[in-house]
Amino acid sequence: MTQPAVDGPVHHDGEPAQPVLPAYSGQQPGPGGRPLRKAAIIAAAGVTVGLLWWLLAPSGLNLLTGNPDLAAGTNTATWLPRDLVLAGLCLLAGCVAGSFVAGSKHYQPGPGTVILVVLAGVAGALIAWGTGVLSAHLWGAPADTSASASVAFSLRSYAVLAIWPAAIALAIFLNSLFPGSGGKPRR
């Protein structure tokens, strides 16, 4: 005698007839939650980066060197280090943001998420630039910009603003190539 074929789920005594699904939490799978929340955090970090730029950079508050010769924007030797401080902060912020979004061995962000967070990196870099310049305007000493606009606390090389989104994209790319062990010890 043959048994009839079963089409569908088998119901056992003591189990509910319908499977119990977990409540929707509003988060997408993967670490960290929604891509929009991640993008907002990345862009908002621009305020912190901009404040740090003004605090650390020569011709800003100059806490990094403390050299009084580098405190004034009239010294042309301060212009390159001022841009390099922002470049280093953008690189650090991009690496942190990229690793924040990169995912894990079992979860990789989709193309839409990658584009969104790279655009958030662009916004973060622009916000950082604006925050640094605004901080110098509000709390810095007035500067006579008749000789050059770079005497005031500003950014001379706008290519620095591309470092943050590029670092995010590179961190996500490298994590997709080398996803790691997924939290498991290597053997």
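This is a predicted model: local features need pLDDT of at least 70, side-chain atom pairs count only at pLDDT 80 or more; totals for chains, interfaces and linings use all residues.
Residues are numbered from 1 along each chain as its sequence is written.

The chain holds 4 helices and 0 strands. Its elements run α-α-α-α from the N terminus on. Helices (H or I, at least four residues) and strands (E, at least two) are DSSP runs, numbered from the N terminus. Of the 187 residues in the chain, 33% are buried. Buried means under 20% relative accessible area, exposed means over 50%, and partly exposed lies in between (1.4 Å probe, protein chains only).

Two packed helices are described by the angle between their axes and the distance between the axes. Helix 1 spans residues 35-56 and helix 3 spans residues 111-139. They pack at an angle of about 25°, and their axes are 6 Å apart. Axes are lines fitted to C-alpha atoms, for helices over the stretch in contact, and angles run from 0 to 180 degrees between N-to-C directions. Helix 1 and helix 3 are therefore roughly parallel to each other. Angles under 35 degrees count as roughly parallel, over 145 as roughly antiparallel, 65 to 115 as roughly perpendicular and the rest as oblique. Helix 1 passes helix 3 in a right-handed crossing. A crossing is right-handed if the near helix is turned clockwise from the far one by less than a right angle, and left-handed if anticlockwise. The residues of this contact divide into 20 nonpolar, 8 polar and no charged. Here Ala, Val, Leu, Ile, Met, Phe, Trp, Tyr, Cys and Pro count as nonpolar, Asp, Glu, Lys and Arg as charged, and the others, Gly among them, as polar.

Ala 45 is found in helix 1. Its relative accessible area is 27%, so Ala 45 is partly exposed. The C-alpha atoms of Ala 45 and Gly 124 are separated by 6.3 Å, though the two residues are 79 apart along the chain. Gly 46 also has its place in helix 1. Gly 46 counts as buried, at 0% relative accessibility. Gly 46 and Ala 120 are 74 residues apart in sequence and 9.6 Å apart in space, C-alpha to C-alpha. Trp 54 is another residue of helix 1. Trp 54 has 8% relative accessibility and counts as buried. Ser 59 has a positive phi of about 70°, although it is not a glycine. Most residues other than glycine have a negative phi, and most peptide bonds are trans. Ser 59 is buried, at a relative accessible area of 13%. Asn 62 has its place in the loop between helix 1 and helix 2. Phi of Asn 62 is near 65°, a positive value in a residue other than glycine. Asn 62 is buried, with a relative accessible area of 4%.

Leu 80 is found in helix 2. At 56% relative accessibility, Leu 80 counts as exposed. Leu 80 and Ala 57 are 23 residues apart in sequence, and their C-alpha atoms are 10.0 Å apart in space.

Helix 4 (residues 163-177) has 15 residues. From its first C-alpha to its last, helix 4 reaches 21 Å, close to the 21 Å expected at 1.5 Å a residue. The expected span is 1.5 Å times one less than the number of residues in the helix. Trp 164, Pro 165, Ala 167, Ile 168, Ala 171, Ile 172 and Asn 175 are buried in helix 4. Seen down the axis of helix 4, its buried residues fall within an arc of 160°, so they line one face of the helix. The arc is that of the directions from the helix axis to the C-beta atoms.

Definitions and conventions: Side-chain values use heavy atoms; hydrogens and water are left out.
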